Amino acid sequence: MTRTLFRGGRIFTADTDPARQWTDALAVEGETIVAIGADAAGDADEVIDLDGALVLPGFTDAHTHLLMMGQSLGQVALTEARTLDGIQDLLRQARAADPDAVVLRGRGWLFDSVPGGTPTAAMIDAVVSDVPVYLDANDYHSCWVNSAALAELGITRDTPDPLGGEIGRDADGEPNGMLFETAAVQYAWAQRDASTTDAERDDAVERMLAAYAAAGVTGVVDMAFDEHGLAAIERAVERHGGRLPLRVSAHWLLENTGDVERNLAQLDRVVELAARGASPWLRVVGVKLILDGVIDACTAAMGAPYADGSNAAPIWPLHDLAPVVAAADAAGLQIAMHVIGDAASDAALTAIERAIEANGDLPRRHRLEHLEYAAPGTAARMARLGVTASLQPVHADPAIFANWAAMLGDERVERAFPWPEYEEAGALVAFSTDAPTAPYDALANMYVAATRASALDPSVPAVHPHFALPLATAIGHATRDAAASVGDADWRGRLAPGYAADLVAIDTDPFTEGAASLLTARPVMTLVAGRETFAAAREDTR
């Protein structure tokens, strides 16, 4: 078996022991790291000179949406358009660039980029009215559409709101172009899924795989897997000769139908898929339940009202949630629950407590996703229950924080995204990006984690810098702990003998150059299972 020696740079192992976090050489045989440091020296079939690069364990994006991310890379990007005029200009340009298109899709707009935070179909109609337009919000919990899209979807004043969602309406009761939460899923996303071909999905998957490889990401956890995603990733495995340039773990998305038996019946497919056995490239590990919405749209379930006096009901009330959590726990499935408001995280932990009481002592590692605002004591409760805190630093980017803070408007803002609380309580913390709700760039994610400053707009001052984490800690959460969050702690996520040769080399060392260098640093090489999945173009020095 070929032995490859990597040397000539600094290597951060992500070991939990600070004394073992750094080395200067690493040997790989086949898919596995066989030695580090002085032990790596010796006969090697190939020597790779790192040329001063910093080597890290490959990043695991522990909460992402693979198909949607790939699709988003082919859509109109709207996040940086911070005015309605800016959004309209981008839509006008996109329509002119592809006049034969039968639909226009965009993503990433922010509520505070629209006057009053209230988008309407008429605002899109003013620039594109001849084809349906679907614009996913930055958080992907709302979809803004034009009049042609409302007609295509068959939404009228008589269309009822779905369970857990809302169709926006004007003062006369007519649909106004906004679809919130499950209304976006059941109408806009269902139309997207029905009209998208397998070839288009395959293109989206290839865009996603290439983007992640170039970002130094070697593993992902999909948090909204369904039949379309499963089929698309299975086709990708076949196209790539039985393996992928990325390790995929997946949580199957469950819908609250309002009927306990129908909800429980959804578990049958997940149990079947999980029983297929572990694969290093694709496996279904559990279920995902979206308990509430988002603070930016006032759809997250809060313990106290928003600044405007409103509040949101949970998408999964406890009486619907608890039976599904108990059954999934008994079946040995990992349960991941989207909880952004404190009322939602309280319900999630109550459901887990009831499952433990009902099912007894079982191996389990459930997770709560996002935790943007959680009540004091939540972290300690999670640690006691062995629940992972799955967090996304880029969601705290100061450039998009103002609207979040305005929606709450009280002392709760001072406890926004308090990552150190979970560490101090002893809960496992796994970092991710939640792409495409935020940029998938792993290094930018680490910048926000280590500074609480903005990767989107570095001119914006940091918010809550006391919640920033040391860079080594942040990288550990995005590599070692992210792999551990799906049960892989004993074979990947750090650089040590016996571990998978999943690593990334970057051209700048932020440990010596400072965290700001993460904004310009770039991967030069990514390895997954010992194989190069990305190599930056090198200048010809001859």
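1. Strand β8 and its parallel neighbour. β8 and strand β9 (residues 133-137) run parallel and are joined by five bridges; strands and helices here are DSSP runs numbered from the N terminus (strands E, at least two residues; helices H or I, at least four), and two strands count as paired if DSSP finds at least two bridges between them. Within this pairing, arginine 107 lies opposite aspartate 136 of β9. The model is a predicted one, in which local features need pLDDT of at least 70 and side-chain atom pairs count only at pLDDT 80 or more, while totals for chains, interfaces and linings use all residues. Residues are numbered from 1 along each chain as its sequence is written, and side-chain values use heavy atoms, with hydrogens and water left out.

2. The other side of β8. Strand β7 (residues 76-77) also runs parallel to β8, to which it is joined by two bridges. Valine 76 faces glycine 106 of β8, and alanine 77 stands opposite arginine 107 in β8. β8 itself, spanning residues 104-109, is mostly covered, with six of its six residues buried; buried means under 20% relative accessible area, exposed over 50%, and partly exposed in between (1.4 Å probe, protein chains only).

3. The crossover. A right-handed β-α-β unit is formed by β7, helix α2 (residues 84-97) and β8. The hand is called right when, with the strands pointing away from the viewer, the path from the first strand over the helix to the second runs clockwise.

4. The six-stranded sheet. β7, β8 and β9 belong to an open sheet of six strands in the order β7-β8-β9-β10-β12-β11, and its pairing is mixed. β7 and β11 (165-169) are at the edges with a single partner strand each, so one side of each has no neighbour in the sheet. Helix α5 (residues 182-195) packs on this sheet and touches β8, β9, β10 (142-145), β11 and β12 (175-181); contact means heavy atoms within 4.5 Å. The direction of α5 makes about 95° with that of β12, where axes are lines fitted to C-alpha atoms (for helices, over the stretch in contact) and angles run from 0 to 180 degrees between N-to-C directions.

5. The eight-stranded sheet. A further open sheet has eight strands in the order β6-β13-β14-β15-β16-β17-β18-β19, with parallel pairing. Its edge strands, β6 (59-64) and β19 (429-431), each pair on one side only. From one strand to the next, the twist averages 25°. Within this sheet, β16 (residues 334-339) and β17 (residues 367-370) pair in the parallel sense over four bridges, and alanine 336 has arginine 367 of β17 as its bridge partner.

6. Backbone geometry to check. Most residues other than glycine have a negative phi, and most peptide bonds are trans. Histidine 370, located in strand β17, has a positive phi of about 95° although it is not a glycine; the residue is buried, at a relative accessible area of 4%. Alanine 14, in the loop between β1 (3-12) and β2 (22-29), likewise is not a glycine and has a positive phi of about 65°; at 0% relative accessibility, alanine 14 counts as buried. Alanine 435 and proline 436 are joined by a cis peptide bond, with omega about 10°, and proline 436 is found in the loop between β19 and α15 (442-451).

7. Arginine 492. This residue is in the loop between α17 (480-484) and β20 (503-506). Arginine 492 is buried, with a relative accessible area of 3%. Setting aside neighbours within four places in sequence, its contacts are Thr60, Gly219, Arg247, Arg283, Ala483, Val486, Tyr499, Ala500 and Asp502. The C-alpha atoms of arginine 492 and leucine 503, 11 residues apart along the chain, are separated by 9.8 Å.

8. The chain as a whole. The protein chain has 18 helices and 22 strands. Its radius of gyration is 23 Å, close to the 24 Å that the globule rule gives for 542 residues, so the chain is as compact as a globular protein of that length; the radius is taken over C-alpha atoms, and the rule is 2.2 Å times the number of residues to the power 0.38. Of the 542 residues, 57% count as buried. Among contacts between residues at least 6 apart in sequence, 71% join residues at least 24 apart. The chain exposes about 20800 Å², of which carbon and sulfur atoms supply 51%; accessible areas come from the Shrake-Rupley method with a 1.4 Å probe, and for residues only the protein chains shown count as cover.
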